[in-house]
Amino acid sequence: MPRTTIEVVRPGLLTTVQDWPGRIGYWHVGVPPSGPMDDLSFRLGNRALGNAEGAAGLECTLAGPALRFTEPTWVCVTGAPAEVAIDGAEVELWRTALVPAGGVLDIGAVRGPGMRTYVLIAGGIDVPEYLGSAATFTLGKFGGVDGQALRAGATFTLGPHRGRVTKAVPMADQPALTRHWQLAVTEGPHGAPEFLTRGDFDTLVGTGYRVHFNSDRTGIRLIGPKPVWARPDGGEAGLHPSNIHDTAYSVGTLDFTGDTPILLGPDGPSLGGFVCPVTVVAADLWKLGQLCPGDTVRFVPVRAERAASVRELGQARRAHIATVLSDGGDGDDGVLRRAEVDDEIAVTYRRAGDDGVLVEYGAMTLDLGLRARVHALHQHLLSARLRGVVELTPGVRSLQIRVDPRLLSIAALLALLAEAERDIPSADALVVPSRTVRLPLSWDDPATREAITRYMHGVRADAPWCPWNIEFIRRVNGLASVAEVYDTVFDAEYLVLGLGDVYLGAPVATPTDPRHRLVTTKYNPARTWTPENAVGIGGAYLCIYGMEGPGGYQFVGRTTQVWNHRARENPWLLRYFDRIRWYPVEADELLDLRADFASGRVDVTTEDGEFRLADYRAFLADNAASIDRFRTAQTAAFAAERDSWRAAGELG
């Protein structure tokens, strides 16, 4: 039997190939899962056709495509209401239908409620996988058909179909779409009273937020009341109280980027430095795919152990009713357990949704000893190969552990983590490979200047860091001139503590010498556009942006790529505990280097070495007086900037 080929007659507004559960296992290097935003509608359509639930299909945003089929093919269109026709004859959503050879399936504009329609096809779409999935990640330019949304004239083929086609998705299984949404959430990881006030949290779960028009697959921006906050600032993590030391995020977490709440989507970042007080349970994540601008959203706390399972597709998923049934949340502020590692280090186990735990070490401070402890736990768990552990993602002082609750319960995981603390070695014993990696830096690059201009025109022009981020960095650190900022950045050696901030192997790094740690704050609200491989500072950390997208770090320049799209395995350039050293280049020279990298001529100078925590602590002791003097001057400038913000109403 000949294979069916599908031609894109009209691509629709934004139509992409997705599969479920998407690209799993690369969260630790900044690769999001992608996949269908509304997994429920997607999987139900596949099941009706006799496909595997995760077989690749199409996600259509706001307006769908017209597709011509070369062979008779069964299809099922699900999700948000839209006009659907085969050769001009109307077809009902949620029912299977046969497209004849040469026939055209036409998906019109979404009528609402809801925002996304799904086209599932018998046999599933057959496209090459990237890192184990066919899901399209358009920002990363991979997956699906050439890493992008469908275009007119494109063609693709289908896989073999061996399943039994049913008549329709049962009405009782179809999700309830509305314009007034309730989302089941668990408390944590970072809630009241440590980060939000009790009043803030009560407002959060008692307020109807409105969906902002500037929302997409990376995140749903919400409009609602500003928190009062329980802290005056984020300390070394930044001036704003929403700033924390970079930690792994969960898909569906409510991320306060400054005072702006954003529900992170399946194309969202894996690592970042903002407070997340609640997380949507996995079974309710499908709703994020149907949130439209202007819709209202209310957060309903539930007990994590009573949340429906994302594996369910029938009424056990509880998607057929718009109301979240709950008698309250866990009431533990998202803190599952606290313990002492030793006389100096405490450990906090925080809830990260209904399928994850965030392990945090020590106080909210930048201490490489804490990162060493995270590394020891990470390596221990990798070696243990625990059944049910899905992802392990280290942050600056934390390790996020995602599990499949069917195989490993959160209670069982906590017991295993308690055992692990007795087995892992002391942080002082840490010795890890640590390459020196030399990268070019175009200082105050034109692309970063353009991003600032866009921000001033499209977001806010009165931000304290505008019109020039480097001048802001100088001011907040109490330096005499911008030249001192330049000298500090180029003199520093940046130790890579995490990957994926933001996206695709992008490092979060800090100077090994505290006297080189320039402390800034992050944009509030965040930028909507950042050039690929821009270099910025946020809190005491430096980041290279792995791709274009949103961002909040203060720009100092731009460098070459840190993700090799030509490599099919391990495409990330950097590793944990690498040490980055910059050398200056002009903007035109950088463009040439970037073109060489894109064409496959990757020429990065590295030198092998190792990082010993005991030696590093000896260095700190030997230079304690000089480090204290630097920090005293820096703290005074930081406090003066904070006071000026408060006087101007920047901190509410």
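**A tour of the predicted model**

User: Where is the place of R385?
Analyst: R385 sits in a loop of this predicted model. Helices (H or I, at least four residues) and strands (E, at least two) are DSSP runs, numbered from the N terminus. In those terms, the loop with R385 runs between α3 (368-384) and β25.

User: And what is phi of R385?
Analyst: Residues are numbered from 1 along each chain as its sequence is written, and side-chain values use heavy atoms, without hydrogens and water. Local features need pLDDT of at least 70, side-chain atom pairs count only at pLDDT 80 or more, and totals for chains, interfaces and linings use all residues. R385 is a residue other than glycine with a positive phi. Its value is near 50°.

User: What is the radius of gyration of the protein chain?
Analyst: The chain holds 10 helices and 38 strands. For its 652 residues the globule rule gives 26 Å, and the computed value is close to that, so the chain is as compact as a globular protein of that length. The rule is 2.2 Å times the number of residues to the power 0.38, and the radius is taken over C-alpha atoms. For this chain the radius of gyration is 25 Å.

User: In which order do the 5 strands of the open sheet with β22 run?
Analyst: Two strands pair if DSSP finds at least two bridges between them, and in this sheet the pairing is antiparallel. β22 (335-340) and β25 (389-394) are the edge strands, each pairing on one side only. Read across, the order is β22-β23-β24-β26-β25.

User: Which element gives the most to the lining of the largest pocket?
Analyst: A pocket is an open set of points on a 1 Å grid over the protein atoms alone, where a 1.4 Å probe fits, with protein on both sides within 12 Å along at least five of seven lines; lining residues have an atom within 4 Å of a point. This one is lined by 50 residues, with A282, V310, D355, R402 and V403 nearest its centre. Two or more lining residues come from each of β20 (278-280), β25, β26 and α4. With 3 residues, the top contributor is α4.

User: What is the volume of the largest pocket?
Analyst: The lining divides into 28 nonpolar, 9 polar and 13 charged residues. Here Ala, Val, Leu, Ile, Met, Phe, Trp, Tyr, Cys and Pro count as nonpolar, Asp, Glu, Lys and Arg as charged, and the others, Gly among them, as polar. Volume is the space filled by probe spheres set on grid points, joined across faces, edges and corners. For the largest pocket that comes to about 1,200 Å³.

User: How much space lies in the second largest pocket?
Analyst: Its lining has 32 residues, and T218, R221, G549, P550 and G551 lie nearest the centre. By class they are 14 nonpolar, 11 polar and 7 charged, and β19 (271-274) gives the most, with 4 residues. The space in this pocket is about 530 Å³.

User: Is the peptide bond from C466 to P467 cis or trans?
Analyst: P467 lies in the loop between α5 (446-458) and α6 (469-477). Omega for the bond from C466 is near 10°, and the bond is cis.
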